[in-house]
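Colleague: I would like a close look at a single chain, with the terms spelled out as you go.

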Amino acid sequence: MNDSLRVVLAMMELELRRLRNDRTEVYTRAVQPVLWLAVFGLVFSEIHAIPTNGIPYIDYITPGVMLQSVLFVAVLYGLTLVWERDTGILKKLLVAPASRYAIVIGRSMSSGVRAIIQVLIVIPVALLLGVSFIPNPAYFVVALAILFVISGGFAALSIIVASLLKTRERFMGIGQALILPLFFASNALYPIALMPHALQVVAVFNPLTYAVDAVRGLMITGNLALLPLDVAVIALFDILMFAAASLSFRKIIE
Amino acid sequence: MTFAIDAKGLEKVYKGNVAALAGVDLEVKAGDIFALLGPNGAGKTTLMRILTTQFKPTSGEAHIFGLDVVREGGEVRKVVGYVPQETSVWSDINGYENLLIYAKIYGLPSQSRKEVIYDMLESMGLRAAAEQLVKTYSGGMIRKLEIACAMLIRPKILFLDEPTLGLDPAARIAVWKKLASFKMEFGTTVFFSTHYMEEANAYSDEVAIINMGKMVTSGTAEELKHSLRGELIKVSVSDHHVDEHTLGLIRGLKQVNSVVVADATLIVTVEDAETALPGVMDVLRSAEIPVVRIATTKPTLDDVFLRYAGTTRAPGAASTTERVEEEAGGDHRE
Ligand SMILES: Nc1ncnc2c1ncn2[C@@H]1O[C@H](COP(=O)(O)OP(=O)(O)OP(=O)(O)O)[C@@H](O)[C@H]1O
Ligand SMILES: [Mg+2]
């Protein structure tokens, strides 16, 4: 167990060190969420088309945009395993004294490192655009933790998808096919009540919905009524994904 | 005595029914440098990946220093260092950081970690490049870094899948010097695959050849070469006609297996050229046939490979099967 924790931490440290040497990706990845906030957020705030319980629309979607960013990072990060399969990196890791679980979890949680950095870039932009956050550091830290943890679950989900891919072709396309439905069938951009019924059902089963609710409550609205449920769902999602990814990992390494 | 590697009846069938290993038996002595040869697709990488616990064999069993690779994988991984055939470094961090992350994964004690890493970099000749991003490294530097990484934990056995692929001769010699010194200093067993016959010849204690998932032969390089029993003596005899009677006398010599004449060259197949040569020369001299040139040819590991593993050869592993000595009685090469 101690061994496994060590491996997970080492893999997260690896990610930080890689980021330090190549920051361009962090910045290019930040363009999309910033545009969402600056264009979509500001425009819809003006026209008041979506009922958001009195908070400005741009404030409403800030957690959604953060999670979109997290989702992107996590899904693409997990899918790059398809590429690493063809290099020796994965093979060498397999021969290190680490359990397969530790490698999968370490790999997934490393995406959390990237995701948090992405989120930290979005925050000052949101502040500049006039979003008002709840000034409570404890809330803020919990929100970041939730973003970090859900990122791991999504990365594990994409590892499962990666194990089904035969080649590394089209993995960008498959990434999009995973990200966009999750994003739109959630409460990231609009309240669930506004959705057509079928989509509502999907949204209820979409872990992103719970993460958005938690982060929105902690950062913007202060409404924490559903926080325990959110946390429970996210934890369950992560555990299931880690377990399934560890099993599917065998397919990747052979 | 426990073998470093002891495998029996290893079989591996990949999905899609590719039978990569079809019953491999293997024994490698502790402290040996062991070369695994075989054409592309013979199953070398598959064998190494099973021995390093990356996946299970379809059937059969294998032990590393007495530890079962399937049931005691965790223990096996603690004594094994491994350099895969494909590049396995993180290119977007520097050389030191590559080793640091592995040191942490392996749980090297943090007080001595830095020192151990720099010592290892120093000994692989990478000290000056330690703080450089690995993407700026040459192929040889990357291979050295990978070996440094695998040696970090002082493994009892090192698995190297084509360790010198694509390296220039100087880099290859440097890598092998290092590996030999690990063997000397720590008694590290080295199990490596290669397509460079002369490397197996020069550095290994033992050689095995695998073909189509089966071990076809093994032994020391000398034993394998000798087992071909086919050394040649080629004698050029100017325009002179070699009559049937003389040929008959040569054929009659104890050591001689066969004699053919092609153009003005006599090709004599013998078991051992050095001891057979004087007899052949005596016959020619008494028949007063003027000899212009004598060459002896011994089988090389290339010949062994071709004999046992068919005609499929890896590109780039050229070698000379024949060397010529200008004078009779000149030094015969080993
Ligand atoms: N992951 C895999 N899935 C399916 N078949 C595989 C896989 N890896 C190898 N094979 C097949 O198994 C056989 C043995 O391959 P292997 O890589 O072990 O050969 P090798 O001796 O290492 O060859 P090379 O010298 O080219 O590296 C080949 O027919 C190969 O196509
Ligand atoms: Mg191979």
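This is a predicted model: local features need pLDDT of at least 70, side-chain atom pairs count only at pLDDT 80 or more; totals for chains, interfaces and linings use all residues.

Modeller: Residues are numbered from 1 along each chain as its sequence is written, chains are lettered from A and ligands numbered from 1 in the order in which they are written, and side-chain values use heavy atoms, with hydrogens and water left out.

Chain A exposes about 10,900 Å² (Shrake-Rupley method, 1.4 Å probe; for residues, only the protein chains shown count as cover), and carbon and sulfur atoms supply 71% of that area. Of its 254 residues, 56% count as buried, meaning under 20% relative accessible area with a 1.4 Å probe, protein chains only.

The secondary structure of chain A consists of eleven helices and zero strands; helices are DSSP runs of H or I with at least four residues, strands runs of E with at least two, numbered from the N terminus. The C-alpha trace spans about 55 × 40 × 35 Å along its principal axes.

Chain A also meets a partner: 24 of its residues are in contact with 31 residues of chain B, contact being heavy atoms within 4.5 Å. Lys92(A), Val95(A) and Glu254(A) supply 26% of the area that chain A buries against chain B, more than any other three residues. Together the two chains bury about 2,900 Å², 57% of it on carbon and sulfur atoms; buried area is the accessible area (1.4 Å probe) that two parts lose on being put together, summed over both.

Notes
Buried means under 20% relative accessible area, exposed over 50%, partly exposed in between (1.4 Å probe, protein chains only).
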